[in-house]
Amino acid sequence: MSSMRSHAVRPADHPPPVDVVGEFVTVPTDPEGERIEVGVVIVGGGPAGLACAIRLMQLLETEPALAEALGEVPVALVEKGKATGSHLLSGAMMEPSAMRRLFPGLDEREWPTYGTVAKDDVYLMTRRRALRLPRVPPPFRNHGNHVTSVAQLGRWLGRRAEEAGVYVLPETAAVKLLVEDGVVLGVRTGDKGRGRDGQELSNFEPGSDLIGRATVLAEGTQGHLSGVAIRHLGLGSPDPQGWELGVKEVWQVPRPLDRVVHTMGWPLRSAAKYREFGGSFMYPMGEDKISLGLVVGLDYRDATLSVHDLLQELKTHPFMRRALEGGERIAWGAKTIPAGGYWAMPRRLWAPGMVIAGDAAGMVDVPRLKGVHLAMHAGMHAAEAIFAALRRGDTGDLSAYQAQVESSVIARDLHRSRNMRQPFARGFLIGGAVANAMELSGGRFPGGHWRTHADAEVGVFIGDRDRSYPKPDGKLTFDKLSSVFASGNATRDDAPNHIRIERRVPLAVGLMWQHMCPAHVYEVPEAALEQQGPGSGALPADAIVDVHITPSNCIQCGAITAKGGRLTPAEGGEGPNYQVT
Ligand SMILES: Cc1cc2nc3c(=O)[nH]c(=O)nc-3n(C[C@H](O)[C@H](O)[C@H](O)COP(=O)(O)OP(=O)(O)OC[C@H]3O[C@@H](n4cnc5c(N)ncnc54)[C@H](O)[C@@H]3O)c2cc1C
Ligand code: SF4
């Protein structure tokens, strides 16, 4: 590799053309009589939003007069996917405490899960071998946790919410935050039926102002309005949020997997210069399915790293191959996970009339890869604080939500692992040693405050990670377009572009986007490379190239926002239609 090609370029130096506050914060614009007025507006039908909606209805049932005073629709929930669950993807080993709290009388066998698994194993992988650790490190112990599919959990919780009286609006994206005099009044939903250049098509339907006495932002990872609110209302932490990208497949297999498996090491490289942090998981979903995925921190440096293709490579390992032998891939998807932990959570989780819950506020215990139950707990705390405020007749002060979160399992777990992720920037061995010390000391050592950093501020160079990605065989290994097909993605080809990037960027940034995107949205055309010089091999990392995009492939994983672009909500109903992820 020439020194010019290995020269590092920071994606953050090439910001996307977007004015987050100017474009996405507004006062209500519909005439007064045409606004949709409800009691409480919830944005996002994931674990956080649905737990919030169900808990609110449980509480309102105890006070019928209050429910009545909230009008015809006491609680409305908007979800951009085709259904609640369509945009949900997770591991998912679910810690059961939140389900128990939300449904106290319900037998666990009635939960939409595949039950618990008694055995855990962790393997250190090399290219050919899988070395089982003699003792399972505490973050990987999953005794008592339930294997689930959040896509299925979301549909189940959605039905429960509707049965409880929640007005669920699927295929509806919240695109603007309605704010007046520092008070959040609700959200504006997106238009539908626009063409590629924004023109109104024959089926055009304008969005609406959805107004509530309180608004809950439960948008999950890379939440669009959550980001807008954090910026506009000054709620953020001095430590930037960071992300990991998880790519997952579900396989139908002839032989059951009898344990929960986590792996570390290969295909990631341990040298500090690559900053490759992550690992894989393999969970049994009943007798005949396996959930398999690879999660990698988005602060990596080699522009040719592709989590999609690393997962394909991982499956060629004899250990993985054995588990999948004779099986068939039945689903695929990808999504980011907030990884900044405790220090990167918004300093304030509320503003007058609004709270932020779940992944949208970075509530993930990263070393344990657990967020489902924390999101649900956050949703329930939000419901309780809002209910108390509605009873007082004033939703301006929702600080009770913050107080509840701070004295809950959410703050406890995130605080305990607050300094675990950061040391991995110094390589796997140092990171592993420090994380181990934290675990053994119950989070006390090393103390202090280890700063987080923004993924897009880490320079990327053009390395050679792409040399060993396997050639897709359509049976065990797949290309990105077949994967997108397996996500059920049904975005119109002529939909308006919802991805904002700087189109002319240094080669290292363009190639990084091309490899990073699991859905093959970005491409540095061969022609652009050739115009620059005699073959791409000779081009320096900072040569400016044009990046082409195919937004209709996008499965809304959020990685582009972490690495120097900005995902905005696509039209409601578009994107993947996950069923078992
Ligand atoms: C690969 C992977 C593996 C994981 N493994 C585990 C695990 O094993 N155990 C565990 O506990 N956790 C795991 N997690 C984390 C866990 O999935 C999340 O923490 C959890 O799903 C967060 O729930 P949420 O409700 O906050 O957000 P989400 O689950 O992301 O739900 C948000 C919802 O809001 C909708 N939405 C977003 N913006 C808008 C908008 N503007 N308008 C309308 N709708 C909108 C989205 O479509 C989505 O349906 C994993 C995550 C990943 C990606
Ligand atoms: S274009 Fe879509 S799928 Fe690709 S990285 Fe960006 S958000 Fe993810």
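These are my notebook entries on a predicted model of one protein and its two ligands.

**Entry: ground rules.** I number residues from 1 along each chain as its sequence is written, and I letter chains from A and number ligands from 1 in the order in which they are written. Since I am reading a predicted model, local features need pLDDT of at least 70 and side-chain atom pairs count only at pLDDT 80 or more, while totals for chains, interfaces and linings use all residues.

**Entry: the whole protein.** I looked up 18 helices and 29 strands; helices (H or I, at least four residues) and strands (E, at least two) are DSSP runs, numbered from the N terminus. The radius of gyration is 23 Å, close to the 25 Å that the globule rule gives for 581 residues, so the protein is as compact as a globular protein of that length. That radius is taken over C-alpha atoms, and the rule is 2.2 Å times the number of residues to the power 0.38. I also noted that buried residues make up 55% of the 581 residues. Buried stands for 20 or more other C-beta atoms within 10 Å of a residue's own, exposed for 12 or fewer, and partly exposed for in between, with C-beta atoms placed from the backbone.

**Entry: M363.** Where is M363 found? I traced M363 to the loop between β23 (354-356) and α11. M363 counts as buried because it has 28 C-beta neighbours inside 10 Å. Leaving aside neighbours within four places in sequence, its contacts include L374, A378 and I410; a contact needs C-beta atoms, placed from the backbone, within 7 Å.

**Entry: α11 and α13.** Next I checked helix α11 (residues 372-392) against helix α13 (residues 409-416): their axes come within 9 Å and cross at roughly 140°. The axes are lines fitted to C-alpha atoms, for helices over the stretch in contact, and angles run from 0 to 180 degrees between N-to-C directions. α11 and α13 are therefore oblique to each other. Under 35 degrees would be roughly parallel, over 145 roughly antiparallel, 65 to 115 roughly perpendicular, and the rest is oblique. L374, H377 and A378 in α11 meet V409, I410 and D413 in α13.

**Entry: the ligands.** Which residues come nearest to ligand 1? Of the 46 around it, I listed G46, G220, G246, G358 and G371. Around ligand 2 there are 13 residues, and C517, V521, C554, C557 and I560 come nearest. Here a residue is near if its C-beta atom, placed from the backbone, lies within 6 Å of the molecule or strand.

Methods:
Two residues are in contact if their C-beta atoms, placed from the backbone, lie within 7 Å.
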